[in-house]
Amino acid sequence: MGGCLRRRLCIGGTRTLPFVRRFTPREIEAATKGFTAVLEAGGPRGGGGTAYRARFAGGLVATVRRAGSRDDHRQQGSGGNGKAAFYLELQLLARLNHRHIVRLRGFAEGHHARFLVFDHMENRSLKECLHDPLRTPLDWRTRLQVAIDIAAALEYLYYFCDPPVFHVSVDSGNVLMDANFVAKLSDVGVVSDDLKRATTESFQDQVERRRAGLVFQYGVLVLELVTGQSPGGDGELVRWVQEPGFAGSMHRMVDADLGGVYDARELRDLVNVARLCTRHEHGGGGGGAAVSIPQIVRYLQGKVERLGGEARCG
């Protein structure tokens, strides 16, 4: 896995971002059929970024997101210099280069709106794949690979990027699936104004606290992959996996959509990972996580390799 690429960005226009295209507002409007090809209203980018399916001249199919409330908050935090904040966001997003992170393809800026253009994920979100009754259920091998892929993406974001990425939420709605059901983490934001805010925490303390929170979220995602149940807000799945006798009910908790077709050893390994990840208080409190993301990646990849699995290791 390579580190984040440092790429130059010009606000004035004399320098450009390699591999990131600047679209005109007219191109965005045409590609989205006048903003009628809505994929989701008020998408995950802070709750205000509506997403559109776009087909550009030349054949590029992409997802266009209108910069939403989170971006607005950052722009206000940068002294009202919204353009500078937007271009800084572009610069940092363009540095992200990983197989399991949705790639930024371009952007557009008009008088009244700004847009980000990302790779289009044909199979939509993991949440839909798991919970839409009209979708073909994901098989066990795909679910195991999703767990490995997302752990690899988190390792890249928090251990290989400098500065580490702060704004990311690990849940089935933010995990997108491409045409081959390769999982990619979406709605990734980068360190910007929040590092400038007055705080009693050191930078490293902030990083460690957020890493612990992501470990907890990841454990909940693994439980959702195994059981096919939405985690909800009551913490029922977490309570189950923390019970002393959870192993005795493990096979009864497996998603019925799998039809009993899964590897028992891999199931045990995944559930044990989820148990370690969710050992502390909700949100990763209580002094830190019991396991780190790099440990999870190495453990799961090693298990798959030893079992002779055919999964793609992220």
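## What lines the pocket

The lining of the second largest pocket splits into 12 nonpolar, five polar and eight charged residues (Asp, Glu, Lys and Arg count as charged, Ala, Val, Leu, Ile, Met, Phe, Trp, Tyr, Cys and Pro as nonpolar, the others, Gly included, as polar). Bear in mind that this is a predicted model, with local features needing pLDDT of at least 70 and side-chain atom pairs pLDDT 80 or more, while totals for chains, interfaces and linings use all residues. Numbering runs from 1 along each chain as its sequence is written, and side-chain values use heavy atoms, with hydrogens and water left out.

Of the 25 lining residues, Thr63, Arg65, Val102, Leu176 and Ser186 sit nearest the pocket's centre.

## Two helices side by side

Helix H5 (residues 140-160) packs on helix H6 (residues 203-227) at about 175 degrees, axes 10 Å apart. H5 and H6 are therefore roughly antiparallel (angle over 145 degrees).

How values were computed:
On a 1 Å grid over the protein atoms alone, a cavity is a set of points where a 1.4 Å probe fits but cannot get out, and a pocket is an open set with protein on both sides within 12 Å along at least five of seven lines; lining residues have an atom within 4 Å of a point. Axes are lines fitted to C-alpha atoms, for helices over the stretch in contact, and angles run from 0 to 180 degrees between N-to-C directions. Helices (H or I, at least four residues) and strands (E, at least two) are DSSP runs, numbered from the N terminus. Angles under 35 degrees count as roughly parallel, over 145 as roughly antiparallel, 65 to 115 as roughly perpendicular and the rest as oblique.
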